[in-house]
2 protein chains.
Amino acid sequence: MCELLGMSANVPTDICFSFSGLVKRGGDTGVHRDGWGIAFYEGKGYRSFHDPIASVDSEVAKFIQSYSIKSSQVICHIRKANRGRVSLENTHPFSRELWGQVWSFAHNGQLKGIKKKQLLNYLPVGSTDSEHAFCWVLGRLRDEFPVKPKSKVALRRCIQRLFRELAQLGVFNVLMSDAQSLYTYCSTKLSWLTRQAPFDSARLLDADVSIDFKQETSSNDVVTVIATEPLTSNEQWTQMVVGEFSQFRLGRKEFTQLS
Amino acid sequence: MCELLGMSANVPTDICFSFSGLVKRGGDTGVHRDGWGIAFYEGKGYRSFHDPIASVDSEVAKFIQSYSIKSSQVICHIRKANRGRVSLENTHPFSRELWGQVWSFAHNGQLKGIKKKQLLNYLPVGSTDSEHAFCWVLGRLRDEFPVKPKSKVALRRCIQRLFRELAQLGVFNVLMSDAQSLYTYCSTKLSWLTRQAPFDSARLLDADVSIDFKQETSSNDVVTVIATEPLTSNEQWTQMVVGEFSQFRLGRKEFTQLS
């Protein structure tokens, strides 16, 4: 098992608070000691930070907690290795360019037989099931749409179909983004909440840390956080149901359907 | 003009010393205030740090200087924007996957008419000449070799031919790596030096900092540093000649030829 964290926001927002809670699960309150990574979208721009060691011991993770990167979308992952050794190239999120956009992907679970699926165009650098699955998804998307489709619905339907196919191979909890949308699939466990006005305070489950979002936000901000397990103790998280595919955009859940 | 810094080493080596000198040129001793980036190879793994602000003001750059990442190859770039606005997506080094390896690219110069060159497979995310040139190179490599060529010589010859073609469009000082080799082309300005036993001390030109490499190395270490301008005052840098294409591997210059 690994743990996932995602964010979609309508204004550049920092994820320090939620990240501080997740980091604790990487070797302190949780057992995910085999590396971690976080990816930030800033407009079309993308930057990611990876470290193949426990997040609680990681200097890079400490830096990220202290340095407020404001981002419209974030994907984060802390790893408990199953397939693929502990190494930088096996550390999520993975990223590739498709149609002039950076796509990123973080996955929790194992996919039996995934490596028999033929890859088109994209090849894994590391040896995880997850990167293979991501390469397969992007290769199939590219095969279906050699240029970026004008129809967002057609794109979403194709992603949903591909995710559903992967979910048949095992456990497939996933976050995938193309800078505009955050696509999720819940195979066993994912929760989410949307924060918007009137803002309140929140308290982390994994650390003795609270934040008063009233001080940090403006009244128009809308921010959704998605995580394997709820990160705060005093907010209403919604657990996704098994087989739920969703699309988040500008902080809101724009689409959801059971597969 | 931008400034480039590269490293090739036969053992994982940190670049903090050289990077500290280069950072000063990003807004202090130099005028390159429009962002900076650095990419590290660790085995097949790749991680990069980018910031679209002056390196002397960058918290990320301060962190990199204090945190010793040991790497076999490094590509670094500080930017003075010519084409393409100041933004994260326009910040070098650029990276893409080809044949299951991460390729990275940093460029100094302008290339007249580069955007008329037809791209295959890879598309830019930002708007710089440099990223367009990189996408063109990788697309042509992939077209020539749909699978990774067994012959390293054939690969090198193809890269040299593509670099020569780009150099005809303007100024093309470049560093490109595929995790195994560091390929360089000098169109106007690049210098290099190889450090090996017996090691000595070195003093930065841009900051009052010295290092005694005897304390930091073992006798088998071989490390080559490549930079737009020499970074140290008391070492013998070799200036590349105009039109020089080189390949560095495991710390040594393995091939060089005038185009």
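Visitor: At what angle do α1(A) and α2(A) pack, and how far apart are their axes?

Guide: This is a predicted model, in which local features need pLDDT of at least 70 and side-chain atom pairs count only at pLDDT 80 or more, while totals for chains, interfaces and linings use all residues. Residues are numbered from 1 along each chain as its sequence is written, and chains are lettered from A and ligands numbered from 1 in the order in which they are written. Helix α1 (residues 16-25) of chain A packs against α2(A) at about 150°, and their axes are 9 Å apart. Axes are lines fitted to C-alpha atoms, for helices over the stretch in contact, and angles run from 0 to 180 degrees between N-to-C directions.

Visitor: Why are α1(A) and α2(A) called roughly antiparallel?

Guide: Angles under 35 degrees count as roughly parallel, over 145 as roughly antiparallel, 65 to 115 as roughly perpendicular and the rest as oblique. The angle here is about 150°, and α1(A) and α2(A) are therefore roughly antiparallel to each other.

Visitor: Which residues make the contact between α1(A) and α2(A)?

Guide: From α1(A) come A:C16, A:F19, A:S20 and A:V23, and from α2(A) come A:A61, A:I64 and A:Q65. Two residues are in contact if their C-beta atoms, placed from the backbone, lie within 7 Å. By class, five of these residues are nonpolar, two are polar and none is charged.

Visitor: What makes B:S58 a buried residue?

Guide: A residue is buried if 20 or more other C-beta atoms lie within 10 Å of its own, exposed if 12 or fewer, and partly exposed in between. B:S58 has 22 other C-beta atoms within 10 Å, and is therefore buried. B:S58 lies in the loop between β3 (45-51) and α2 of chain B. Leaving aside neighbours within four places in sequence, B:S58 is in contact with B:W36, B:D51 and B:I53.

Visitor: Which residues of helix α1 of chain B are buried, and what covers them?

Guide: In helix α1 (residues 16-24) of chain B, the buried residues are B:S18, B:F19, B:G21, B:L22 and B:V23. Their cover includes β1 (3-13), β2 (36-42), α2 (59-66), β4 (71-78) and β12 (222-227) of chain B. Helices (H or I, at least four residues) and strands (E, at least two) are DSSP runs, numbered from the N terminus.

Visitor: What makes β5 and β15 of chain A edge strands?

Guide: Six strands of chain A form an open sheet with antiparallel pairing, in the order β5-β6-β7-β8-β14-β15. The strands β5 (94-98) and β15 (252-258) of chain A each pair on one side only, and these are the edge strands. From one strand to the next, the twist averages 15°.

Visitor: How do you know that β8 and β14 of chain A pair?

Guide: Two strands pair if DSSP finds at least two bridges between them. Strand β8 (residues 182-186) and strand β14 (residues 244-249) of chain A have five bridges, in the antiparallel sense.

Visitor: How many bridges join β14 and β15 of chain B?

Guide: Strand β14 (residues 244-249) of chain B pairs with β15(B) over six bridges, in the antiparallel sense. In β15(B), B:F255 is the bridge partner of B:Q247.

Notes
Ala, Val, Leu, Ile, Met, Phe, Trp, Tyr, Cys and Pro count as nonpolar, Asp, Glu, Lys and Arg as charged, and the others, Gly among them, as polar.
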